[in-house]
Amino acid sequence: MATEPETPEPALAAEPAVPSLVDSYFTRWYEADVKGKPCEDHCVLQHSNRICVITLSGSHLVLQSGKAVKSISYQISTNCSRFQNKVSGKFKSGAQFLTELAPLCKIYCSDGEEYTMSSCVRGQLMEVNESILHKPSILQEKPSIEGYTPVVLLKFEESKSITEGLLTQKQYEEVVLKSINATAATS
């Protein structure tokens, strides 16, 4: 008994990817080679309400090399701990003021390497992410969602100009590509 060949199912039209929460509500800004250290790149996620969330960029050495993060410390010096930051009230009294190069935390890797995250923006420290102290691996697993380090509130009058020194997503991708090409050319 002859059977008719099966007709292929019509291809379903590819549905457009749904943007993530971060992509929907935040603008990504980048600082490449923070403090002149190659591949120590940071990402600043800026919300329209002047809140910025600081994370490691996808090209940061900690994320690219697969190093195991042993611990994270908000103790910047003997007299300064970002963890002790206590903010209260409408005017955010008690918030630590950060400059662009202010250290935020130290990342300690199992191979003995140590990295310091910097603010990249001027503003008031609203909070630090306590969950990365208990589970440092989320810094690598979910850097833009749960692996952020601090939340910084920009001054209203500076909120538009604060990102002038930072790179857009496209500019940052070009910098990373140039870096990769330069490394490949010297190898």
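In which loop is the place of Asp-33? Asp-33 sits in the loop between strand 1 and strand 2 (42–47).

**Before we start**

This is a predicted model, in which local features need pLDDT of at least 70 and side-chain atom pairs count only at pLDDT 80 or more, while totals for chains, interfaces and linings use all residues. Residues are numbered from 1 along each chain as its sequence is written, and side-chain values use heavy atoms, with hydrogens and water left out.

**The whole chain**

The chain has five helices and 11 strands. Both kinds of element are DSSP runs numbered from the N terminus: helices are H or I with at least four residues, and strands are E with at least two. The chain is more spread out than a compact globule, because its radius of gyration is 21 Å, well over the 16 Å that the globule rule gives for 187 residues. That radius is taken over C-alpha atoms, and the rule is 2.2 Å times the number of residues to the power 0.38. Along the principal axes, the C-alpha atoms fill a box of roughly 85 × 45 × 35 Å.

How much of the chain is buried? Buried residues make up 36% of the 187 residues. Here, buried means under 20% relative accessible area, exposed means over 50%, and partly exposed lies in between (1.4 Å probe, protein chains only).

**Two nonpolar cores**

In soluble globular proteins, nonpolar side chains tend to be buried together. A nonpolar core is a set of buried Ala, Val, Leu, Ile, Met, Phe, Trp, Tyr and Cys residues joined through side-chain atoms within 4.5 Å. The largest one in this chain has 29 residues, and Val-44, Ile-54 and Ile-107 are among those with the most contacts inside it. Strand 8 gives the most to this core, with four residues. A second, separate core of 12 residues includes Ala-32, Leu-45, Val-151 and Leu-153.

Not counting residues up to four places away in sequence, Ile-107 touches several residues, including Leu-56, Val-62, Met-117 and Leu-139. Contact means heavy atoms within 4.5 Å. Thr-55, found in strand 3, is in contact with residues including His-42, Leu-45 and Tyr-148, leaving aside its neighbours within four places in sequence.

**A pair of rings**

The structure holds one aromatic pair. Tyr-30 and Tyr-172 are stacked, at 4.2 Å centre to centre with 5° between the planes. For such a pair, the ring centres of Phe, Tyr or Trp (its six-membered ring) lie within 6.5 Å; planes under 30 degrees apart count as stacked, over 60 as edge-to-face and the rest as tilted. The pair links distant parts of the chain, since Tyr-30 is in strand 1 (residues 26–31) and Tyr-172 is in helix 5 (residues 169–186), 142 residues apart.

**Back to the loop**

Cys-39 is also found in the loop between strand 1 and strand 2. Most residues other than glycine have a negative phi. Asp-33, however, has a positive phi of about 50°, and Cys-39 has a positive phi of about 65°.

| Residue | Relative accessible area | Class |
|---|---|---|
| Asp-33 | 35% | partly exposed |
| Cys-39 | 30% | partly exposed |
| Tyr-30 | 6% | buried |
| Tyr-172 | 6% | buried |
| Thr-55 | 1% | buried |
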